[in-house]
Amino acid sequence: NGEYQITPPFPRDMTLKERIAAEGEGYEPVRHQNTGVNEEEQLYESYLLPIEEAVEKLRGTVMADVVRKGWQGVCERREMEEKSSGADGVF
């Protein structure tokens, strides 16, 4: 059914590399209609972009910093996981 459902949490011991592999090639998250906080938000469209392109499109806004800092957190976690597992860092 097309109604919004909260996704189950990932296992706490699942790495980012494992999560990416589970999504598969070309993964696009499901967009649920009418889940915006207000009327304006319900009109928003979302799509996945490369980090650099997202930051460029959001240039001059606090959201550009949110994207940049969020990606920094992902990179730091990935680095920690690689160090703890001895992985080669390939995603």
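The structure is a predicted model. Helices α1 and α4 pack with their axes 9 Å apart.

**The largest pocket**

- The lining of the largest pocket is made up of 36 residues.
- Nearest the centre of this pocket lie Tyr 27, Pro 29, Tyr 47, Leu 48 and Leu 49.
- Four helices each supply at least two residues of the lining: α1 (16–23), α2 (39–42), α3 (51–57) and α4 (62–85).
- The helix that gives the most to this lining is α4, with six residues.
- Sorted by class, the lining of the largest pocket holds 17 nonpolar, 10 polar and nine charged residues.

**The second largest pocket**

- Residues that line the second largest pocket include Tyr 4, Gln 5, Ile 6, Thr 7, Pro 8 and Phe 10.
- Glu 23, Tyr 27, Pro 29, Val 30 and His 32 also belong to the lining of the second largest pocket.
- The lining of the second largest pocket divides by class into seven nonpolar residues, three polar and one charged.

**Packing of α1 and α4**

- The angle between α1 and α4 is about 110 degrees, and their axes are 9 Å apart.
- Because this angle falls within 65 to 115 degrees, α1 is roughly perpendicular to α4.
- On the α1 side, the residues that meet α4 are Leu 16, Lys 17 and Arg 19.
- On the α4 side, the residues that meet α1 are Val 74, Arg 77, Arg 78 and Glu 81.
- By class, this contact has two nonpolar, no polar and five charged residues.

**Glu 81**

- Glu 81 is part of helix α4.
- Glu 81 has a relative accessible area of 15%, so this residue counts as buried, the cut-off being under 20%.
- Setting aside residues up to four places away in sequence, Glu 81 touches Met 14, Thr 15, Leu 16 and Lys 17.

**Arg 77**

- Arg 77 is also found in helix α4.
- The relative accessibility of Arg 77 is 31%, so this residue counts as partly exposed.
- Apart from neighbours within four places in sequence, Arg 77 is in contact with Met 14, Leu 16 and Arg 19.
- Arg 77 and Leu 16 are 61 residues apart along the chain, and their C-alpha atoms are separated by 8.0 Å.

How values were computed: Residues numbered from 1 in each chain as written. Predicted model: local features only at pLDDT ≥ 70, side-chain atom pairs only at ≥ 80, totals over all residues. Heavy atoms only, no water. 1 Å grid on protein atoms, 1.4 Å probe; cavity = no way out; pocket = protein on both sides within 12 Å on 5 of 7 lines; lining within 4 Å. Nonpolar A, V, L, I, M, F, W, Y, C, P; charged D, E, K, R; others polar. Buried < 20%, exposed > 50% of the residue type's maximum accessible area, 1.4 Å probe, protein only. Contact = heavy atoms within 4.5 Å. Axes fitted to C-alpha atoms, helices over the stretch in contact; angles between N-to-C directions. Parallel < 35°, antiparallel > 145°, perpendicular 65-115°, else oblique.
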